[in-house]
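I opened the model and kept notes as I went.

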Amino acid sequence: MPLDPSFIGRTYPPTEPYEVGREKIREFAAAIGDANPAYTDAEAAKSLGHPDVIAPPTFPFMLTFRAAAQVVNDPELGLDYSRVVHGDQKFAYTRPVRAGDRLSVTVTIDAIKSLAGNDVLTVRGEVDDASGEHVVTSTMTLVARAADEAGEE
């Protein structure tokens with residue numbers, strides 16, 4: 001059964017703040033193989049005009065994907081997570097994520113479409129710091145695969 005398009009525009013409560021630590025940034029940069037010194041050396045980051053180390057551009061995925069769980073687990077929406085694959089991810093920055101940031105994410109369902117029997121869900125995550133300043137917008141596309149022809153539901 002296709003997802004109900006009346007959920008488009010539904011916004012979920014902001015997540016509890018996540019404090020971005022220097023070590024988490026360093027670990028993430030190492031995990032993705034990015035040796036940019038602005039991610040690991042506070043002095044290098046300061047020489048670029050930042051108050052502390054900054055995070056790689058994809059770092060907020062962890063926060064926004066966790067926040068999107070509110071959508072995925074919404075019993076009223078009825079999304080079958082066992083069929084979901086991550087289709088796309090985009091970030092639009094106001095400023096870089098910095099060590100010491102306390103970030104909260106507010107997610108909204110921006111679109112629901114049905115394509116070839118698959119449900120395609122676009123979820124936007126607005127990431128703000130503790131003062132309410134916008135940091136980054138994450139847009140992710142989740143695809144709930146259609147049931148196979150053998151009648152699997």
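The entries below follow that list.

**Ground rules.** This is a predicted model, where local features need pLDDT of at least 70, side-chain atom pairs count only at pLDDT 80 or more, and totals for chains, interfaces and linings use all residues. Residues are numbered from 1 along each chain as its sequence is written, and side-chain values use heavy atoms, with hydrogens and water left out.

**Sheet.** I took helices (H or I, at least four residues) and strands (E, at least two) as DSSP runs, numbered from the N terminus. Strands pair if DSSP finds at least two bridges between them. I looked up the strand order and found an open sheet of five strands, β1-β3-β4-β5-β2, with antiparallel pairing. β1 (18-19) and β2 (84-93) stand at the edges with a single partner strand each, so one side of each has no neighbour in the sheet.

Next I went through the pairings. β1 joins β3 (residues 102-115) through two bridges, and Y18 stands opposite L103 in β3. β4 and β5 run antiparallel and share 10 bridges; here R124 faces T139 in β5. β2 and β5 are antiparallel over nine bridges, with A92 opposite T137 in β5. The hairpin of β4 and β5 has five residues between the strands, and G132 takes a positive phi near 90 degrees there.

I then checked burial (buried is under 20% relative accessible area, exposed over 50%, partly exposed in between, with a 1.4 Å probe and protein chains only). In β5, nine of its 11 residues are buried.

**Helix α3.** Which strands do the buried residues of α3 pack against? They pack against β1, β2, β3, β4 and β5, contact meaning heavy atoms within 4.5 Å. Those buried residues are L63, T64, A67, A68, V71 and V72. I checked the length too: at 1.5 Å a residue, the 12 residues of α3 should span 16 Å, and the end C-alpha atoms are 15 Å apart, which agrees. The expected span is 1.5 Å times one less than the number of residues.

**P13.** P13 lies in the segment before β1. P13 counts as exposed, at 52% relative accessibility. Beyond residues up to four places away in sequence, P13 touches Q70 and V105. P13 and Q70 are 57 residues apart in sequence, yet 8.7 Å apart in space, C-alpha to C-alpha.

**Core.** I searched for nonpolar cores (sets of buried Ala, Val, Leu, Ile, Met, Phe, Trp, Tyr and Cys residues joined through side-chain atoms within 4.5 Å). The largest has 38 residues, and those with the most contacts inside it include V71, I109 and L121. α1 (22-32), α2 (42-47), α3, β3, β4 and β5 each give two or more residues to this core. Leaving aside neighbours within four places in sequence, L121 touches L3, V71, L77 and M140, among others.

**Rings.** How many aromatic pairs does a search of the whole structure find? It finds three. Rings of Phe, Tyr and Trp (its six-membered ring) pair if their centres lie within 6.5 Å; planes under 30 degrees apart count as stacked, over 60 as edge-to-face, the rest as tilted.

F28 and F59 are edge-to-face, 5.4 Å centre to centre with 80 degrees between the planes. F28 sits in helix α1 and F59 in the loop between α2 and α3, 31 residues apart. F59 is buried at 2%, whereas F28 is partly exposed at 22%.

F61 and F65 are stacked, at 5.2 Å and 25 degrees. Both lie in helix α3, four residues apart, about one turn of the helix.
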